Every structure is written in C-alpha cells, then in structure tokens.
Amino acid sequence: MGESFTTADGTQVLLRRSARARRMTLRVARHGGEVVLTLPPRISADEGRAFAETKSGWLRQVRARMPEARIAAHGAVLPVAGQGLLITPSPLSSARIAGEALLVPENRAAGPVVRAFLKHQAQQALLEACTRHAAALGKPFRAIALRDTRSRWGSCTSDARLMFSWRLAMAPYPVLDYVAAHEVAHLAHMDHSPRFWAAVERLMPGYAPQRAWLRQQGDTLLAWRFGD
C-alpha cells in the first residue's frame, strides 16, 4: 500500500509519487470517494500535506456531493436503461425483466448476477448503436470491449477499437447512444476539435441533454456496488 496521512479534519489521503507529474494534484475518486494526492519527485511529503490542508474545504464539498453507495441486493431498486427495477428473487436460472421487476435466481447472490445481466444488456445495446453510427459515418470499428472504468465512459484507440463502461446499461438509452456516437466519431477525428463535435452532431443531432445527463447523474451509476 502507498503512504497515506490524515488531514486536520479527519480526511484520509493516499499519497502517490509520479515521475511524470509536474505539479501537485489532488483528486477524489468517483468510485468510493478515495482522496489521492499525486506529487512530483522533487516535492516532499510535508509540502504535500500542507497543500492538502489548504484544500480541505474543497474536499468536503466534493465528497458531500457524491452519492452514497448503493448495494445491488434483493429489494433494491436498480436503474436499467433509466427505468427503476425492483431486484426480486425468483425460481429462475438467470436474470430477466418482468414488468417493473428485475427477477434474479433466488439461490444466488444478487450482485454478481445483476452485474452479468447489465454487461449483457450493455453489450447488445452498444453493439447496435455503434454499428448504426459507424455505418452512418462510413468508418468501421474493429471490436467493442466493456470495462468498469471510473474516469471515462468510453474510449477509442487509433486501431479502431472501442471501449465502454458496462454501467451505461443503467443509463437512459439516449445517454448510452450518445456515448456510442461520441466514440464512433473518434474513428474519424482522434481529438475534440470542432470537426469532431460536428461529426457527433451529425450522428446524434441535439446530443447536449444526454451529455449534460452524464455530467450531472453519472456518479449515481458509479455508486452501485455488486459484491466486488
């Protein structure tokens, strides 16, 4: 484990050093709320602690805004494609949606089952969306991969491989569709230039509300825990 310290107001801070860092940076992880202070090699731990103390008010505000962790367990209401579904034990072998319930096998822990269900939903929805957008753009992709990422909802590599967070399966479909359009647009423009955003607009006219939803509500998706 890395070195850590506690600020005067009781905040636990993990200290990390990076040879590539040019300045001190303090961030709060979107998953779990861990506070991480990154220091360049030339900065001492004492200087880092002093810097963190000056940011104590900001840290309190950021952590106060973060949603509380939610557990995917029997009786919880989980969003699937933006609709709240009651996780309900049932004599089934696999999870499925029935009305306003997400039925899960009664003899298995709900978390891993629900996570697998969401990954399957995300794979299907993202493959459809990316295939549609890639055809409209005239730029094929090579593969789609799903991860449980914390800092980004999707990415595109220079060799046309697309990666997405499977937690997008919990978001309303237009939000997932926007992320798919965003990453497919990178097949033509590997930047965030005006040409890139024009491509996103062509693929998904009026995408601004979906982008805003992710900024405002995305942390609620990251707050869910599935027994890991």
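Reader: Which residue stands opposite Thr25?

Author: Thr25 stands opposite Thr38 in E4. This is a predicted model, in which local features need pLDDT of at least 70, side-chain atom pairs count only at pLDDT 80 or more, and totals for chains, interfaces and linings use all residues. Residues are numbered from 1 along each chain as its sequence is written, and side-chain values use heavy atoms, with hydrogens and water left out.

Reader: What is the order of the four strands in the sheet?

Author: Strands (E, at least two residues) and helices (H or I, at least four) are DSSP runs, numbered from the N terminus. Two strands pair if DSSP finds at least two bridges between them. Here the open sheet has the order E1-E2-E4-E3, with mixed pairing. Its edge strands, E1 (4-6) and E3 (25-28), each pair on one side only. E3 and E4 (residues 35-39) run antiparallel and are joined by four bridges.

Reader: At what angle do the axes of H3 and H4 cross?

Author: Axes are lines fitted to C-alpha atoms, for helices over the stretch in contact (heavy atoms within 4.5 Å). Angles run from 0 to 180 degrees between N-to-C directions. The axes of H3 (residues 110-137) and H4 (residues 173-185) cross at roughly 45 degrees and come within 9 Å. H3 is therefore oblique to H4; angles under 35 degrees count as roughly parallel, over 145 as roughly antiparallel, 65 to 115 as roughly perpendicular and the rest as oblique.
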